[in-house]
Amino acid sequence: MESLILVLIGAPFLSALLLSIIKNDTVRQIVTYVSSAGIIGAAVAFAVNYFVSGQSQLFFISEAEIADYAMIAVEVFLVVLVTVLSIKYKKYYAALLSIAQTVLMFWYELGGAEPEISSHKIYVDQLTVIMILIVAVVGTLITVYACGYMRDYHNHHKEFKDRRRYFFSLLYVFLGAMFGLVLSNDLIWMYFFWEITSVISFLLIGYTRTEEAIHNCFRALWMNLLGGCGFAAGIVWAGMKFNVTDMQSLILNDGAIIVTPVILLSFAALTKSAQLPFSKWLLGAMVAPTPSSALLHSATMVKAGVYLLLRLSPVLAGTYAGTMVSLVGGFTFLIMSMLAITVSDGKKVLAYSTISNLGLITACAGVGAKETVWAGVFLLIFHAVSKSLLFQTVGAIENATGSRDIETMHGLVRRHPYLAWTLVIGIAGMFLAPFGMLISKWAALKAFIDCGSVVLVMFVCFGSATTLFYWTKWIATVLASKTNDVKFKNTTSANQWISILIHSVIMVLLCFAFPMISQEVIIPYIQTVFNSAEPVISSDNIIIMMIMLVAVFAVPGASWIMARKTRYQKAPRYINGVNAGDQMNYIDSMGEKRRFFLANWYMEDIFGEKKIWTPSIVISIIIIVALLVVSMGGAF
């Protein structure tokens, strides 16, 4: 098991080193495929090994002291890199945040303030296995997708310097850091990998080096470094005051006693998961190429924040810290769902949706009940696969059509049918039954009702209603078609199709595997954490889900077969005037011939970003500051 852990953390860094020196596109593609297959194989072997052993495990690492010194060297490199770039682009605040947290951690580690406790560096349980599989499968498939996408990207964007060696090496460093993060039990190790993800995301967002990219990448950097300062302060506080240096010791203690470190770590998680008022950095990440967006929004980065919150959920339950986390998460879920209605840019809809769903997972972790943790873990799984699929498909659509605007996707089912159907599968995974996102929302709603939180119930009800609105609108647009729509030539590369199709298959298989995952993985995890667990979904409901799943595919398929065999009489469209006879034009009240067009209503003038963004920021800051003051005041 220890050897597999070393492979999972080390292999991506080795791949990054190789990809940084390979110039030939074919060789780069071969290395990417081999690396992806190897990492997925190691992750599957790791999962099998864990479930065969049947118990959670703590590990000492024999080379831990060498690793500690290596981490210090890397931390020095990161702070120098951030400082140099901050000075170059005159973003001095980012350098100050990076220096502040690094100095604090060095004083703690090297100045004798850290307790001399020999803690286990690695901890493995069911949640660790879930995250390992998500990062390995979804993350590496994104790198496969990038092989074809980045080639097309630079063919279409000659104005950007081709730095694919740099780009691919960053992707794999990111994956290695995520493996290290989810495997770490030692808080300093976790912080180290946490900071790597922050810096690499900054570099990925700024890939094109345009003025917009520089602005957005530094915004992502300072917000995540602010969270990093909270993380560092939480580690120092836990170590110096409570002699706690690892995650398991932290969550096994009485939450009322160690409330301040938990609050500081929760604050760091809120910034990493782009919760209000820190949501702007993730929206700005869309300026990066699609593989970066898919990686940041689905398998890595933002999942690090909610992963940490789910870890902390046992000590968040019933505390002011938990109230802060759940209210900020629920509020973010509602506001971002509303804002997703008001935009037509496909990637921006996905970005708002990402932050919204992360808000719901955050709310589940903050409540800290068994049912909400169950729902939060399933939301994490389904969201990772579905959102990665959607970002990749929208990127392929943009390359094929030259646009990612939803309004240009009318008739996509005729023009690019395969991309349209993979897009539909991804959207269905986000909000339709029996896909797990909807089931998880139902479980979260039930748990919020049981715990008596009226505010959270309102957030989930209205947030889910707005979610239904923007996803239905997008699906209807894609499936709407005109008689003059014709099929276009497929321009999506084989690399992109491999990743997109595998994601689609996984999305469907997860629906069938939903009950098994619940029974064999999630419930045992809850049993370990809370010392008791019971099925959240009854066997009768599972049967209903299976029937619905069959119907989801059988009914449209049967309808399509019948439609092909049936001759229908064409009827003229009623378009609020006299049809001109060609199904595309009408005669208006002045006798003029006008062409009709289809368009969605975005309601931007009612609750668009200009209307509700600033009030949302103010409200979320008030929630965080008020509950931080109350929580930390009670800790002294």
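**Close-up views of a predicted model**

About 25100 Å² of accessible surface belongs to the protein, and carbon and sulfur atoms hold 66% of that surface. Please keep in mind that this is a predicted model.

**View 1**
Welcome to the overall picture. The protein has 636 residues, and 60% of them are buried. How much of the contact pattern links residues 24 or more positions apart? Among contacts with a separation of 6 or more, such residues account for 82%.

**View 1. The largest nonpolar core, with 216 residues.**
Let us step inside. Which residues have the most contacts inside this core? They are Phe46, Val124, Trp374, Leu423, Phe448, Trp474 and Ile522. Helix α16, which covers residues 370-401, provides the largest share of the core, namely 17 residues.

**View 2. Ile522 and the residues around it.**
Here we look at one of the core residues with the most contacts, Ile522. Setting aside residues up to four places away in sequence, Ile522 touches Ile130, Trp374, Val377, Phe378, Ile381 and Ile517. Trp374, one of these partners, is itself listed among the core residues with the most contacts.

**View 3. Helix α1 packed with helix α2.**
A pair of packed helices is described by two values, the angle between the axes and the distance between them. For α1 (residues 2-21) and α2 (residues 25-53), the angle is about 170 degrees and the axes are 10 Å apart. Because angles over 145 degrees count as roughly antiparallel, α1 is roughly antiparallel to α2. On the α1 side, the contact is made by Leu4, Ile5, Val7, Leu8, Ala11, Pro12, Ser15, Leu18 and Leu19. The α2 side brings in residues including Arg28, Val31, Ile39, Phe46 and Asn49. By class, this contact of α1 with α2 has 14 nonpolar residues, four polar and one charged.

**View 4. Helix α5 packed with helix α21.**
The next pair joins α5 (residues 126-156) and α21 (residues 494-530), whose axes come within 11 Å and cross at roughly 170 degrees. How is α5 oriented relative to α21, roughly parallel or roughly antiparallel? With that crossing angle, α5 is roughly antiparallel to α21. The residues of this contact of α5 with α21 divide into 18 nonpolar, seven polar and two charged.

**View 5. His383 in helix α16.**
Is His383 buried or exposed? The relative accessible area of His383 is 0%, so this residue is buried. Apart from neighbours within four places in sequence, His383 is in contact with His297, Lys303, Ser353, Thr354, Asn357, Ser388, Met430 and Met437.

Ala274 is not a glycine, yet its phi is positive, about 60 degrees. Ala274 is also buried, with a relative accessible area of 0%.

**View 6. Met603 in the loop between β5 and α23.**
This loop lies between β5 (593-595) and α23 (604-607). Met603 has a positive phi, near 55 degrees, although this residue is other than glycine. The relative accessibility of Met603 is 10%, and because the limit for buried is under 20%, Met603 counts as buried.

**View 7. Arg415 and Asn490.**
Our last stop is helix α17 (residues 412-415), where Arg415 is placed. Arg415 has 13% relative accessibility and therefore counts as buried. Where along the chain does Asn490 come relative to Arg415? The two are 75 residues apart along the chain, while their C-alpha atoms are separated by 9.4 Å.

How values were computed. Residues numbered from 1 in each chain as written. Predicted model: local features only at pLDDT ≥ 70, side-chain atom pairs only at ≥ 80, totals over all residues. Heavy atoms only, no water. Buried < 20%, exposed > 50% of the residue type's maximum accessible area, 1.4 Å probe, protein only. Contact = heavy atoms within 4.5 Å. Areas by Shrake-Rupley, 256 points an atom, 1.4 Å probe, with all protein chains shown as cover. Core = buried A, V, L, I, M, F, W, Y, C linked by side-chain atoms within 4.5 Å. Helix = DSSP H or I, 4+ residues; strand = E, 2+ residues; numbered from the N terminus. Axes fitted to C-alpha atoms, helices over the stretch in contact; angles between N-to-C directions. Parallel < 35°, antiparallel > 145°, perpendicular 65-115°, else oblique. Nonpolar A, V, L, I, M, F, W, Y, C, P; charged D, E, K, R; others polar.
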